[in-house]
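Hello,

Here is the structure I promised to pass on to you. Please open it beside this email and follow along as you read.

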Amino acid sequence: MPRRAKKPRRLVADGRVYLWTLRHSHHVPVGGRSAECRETLTLHPQPAGTGGPLRIVFTEGPGRYVPGGFPMGSGDVGYVRGGSLNLHEPGAVRALLDTALARGWRPEERQAAEVDGWSLLEAAAAARAGDAGPARP
């Protein structure tokens, strides 16, 4: 039985539990066509109320891709000539979380934080591939 796409998934990292979701959205200018695909990965520290969520946002742009339909797979983000991740894979989510933590995100802070996913992608993809040690600040 397939899992429900909108149901948060559970991730345990360094003894802390997170619930995470992945959403696809578009910016639609007034009176215009849908444009600017975005993938937003959100991690919620648990138990609820013990920290603010981390939103890692990937917005399409020159030299990079986010899923917008065929031929890309759901959750795929990456550089045309560089690293890539599938945001449906728990290992990819863990690599992004580890990179965000190494660069200063603190899950115990109560307010929401939003990070440009492209600033984390190369380090997370390298760590996921086993090409690098821990993500560096």
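**Starting from N86**

Setting aside its neighbours within four places in sequence, N86 is in contact with S74, G75, D76 and A92. Before we go on, please keep in mind that this is a predicted model.

Is N86 buried or exposed? N86 counts as buried because its relative accessibility is 18%, and the cut-off for buried is under 20%.

Two of the contacts can be described in more detail. The side chain of N86 makes a polar contact with the side chain of D76, at 2.9 Å. The N86 side chain also reaches the backbone oxygen of S74, at 3.4 Å. D76 comes up again in the strand pairing: N86, in β7, is the bridge partner of D76.

**The sheet around it**

Now widen the view to the strands. An open sheet is formed by 3 strands in the order β5-β6-β7, with antiparallel pairing. Its edge strands are β5 (64–65) and β7, each of which pairs on one side only. Helix α2 packs on this sheet and touches β5, β6 and β7; the direction of α2 makes about 100° with that of β6.

How are the strands joined to each other? Strand β6 (residues 76–79) runs antiparallel to β7, and 3 bridges join the two. A hairpin of 4 residues leads from β6 to β7.

Which residues does L85 touch, leaving aside neighbours within four places in sequence? L85 is in contact with G75, D76, V77, A92, L96, L121, A124, A125 and R128. If you compare this with N86, you will see G75, D76 and A92 in that list too.

L85 also belongs to the largest nonpolar core, which has 28 residues. The residues with the most contacts inside this core are L41, L43, I56, F58, L85, L96 and L97. At least two core residues come from each of β1 (9–13), β2 (16–27), β3 (35–45), β4 (54–59), α1 (90–102) and α2 (118–129). Helix α1 gives the most to this core, with 7 residues.

**The whole chain**

Finally, here is the overall picture. The protein chain has 2 helices and 8 strands. Along the sequence, they follow the pattern β-β-β-β-β-β-β-α-β-α. Of the 137 residues in the chain, 35% are buried. Among contacts with a separation of 6 or more, 52% are between residues 24 or more positions apart. The chain exposes about 8,000 Å², and carbon and sulfur atoms supply 53% of that area.

Best wishes

Note on methods: Residues are numbered from 1 along each chain as its sequence is written. This is a predicted model: local features need pLDDT of at least 70, side-chain atom pairs count only at pLDDT 80 or more; totals for chains, interfaces and linings use all residues. Side-chain values use heavy atoms; hydrogens and water are left out. A nonpolar core is a set of buried Ala, Val, Leu, Ile, Met, Phe, Trp, Tyr and Cys residues joined through side-chain atoms within 4.5 Å. Buried means under 20% relative accessible area, exposed over 50%, partly exposed in between (1.4 Å probe, protein chains only). Contact means heavy atoms within 4.5 Å. A polar contact is a pair of N or O atoms within 3.5 Å; within protein, one must be able to donate a hydrogen and the other to accept it, and residues adjacent in sequence count only if both atoms are side-chain atoms. Two strands pair if DSSP finds at least two bridges between them. Axes are lines fitted to C-alpha atoms, for helices over the stretch in contact, and angles run from 0 to 180 degrees between N-to-C directions. Accessible areas come from the Shrake-Rupley method with a 1.4 Å probe; for residues, only the protein chains shown count as cover.
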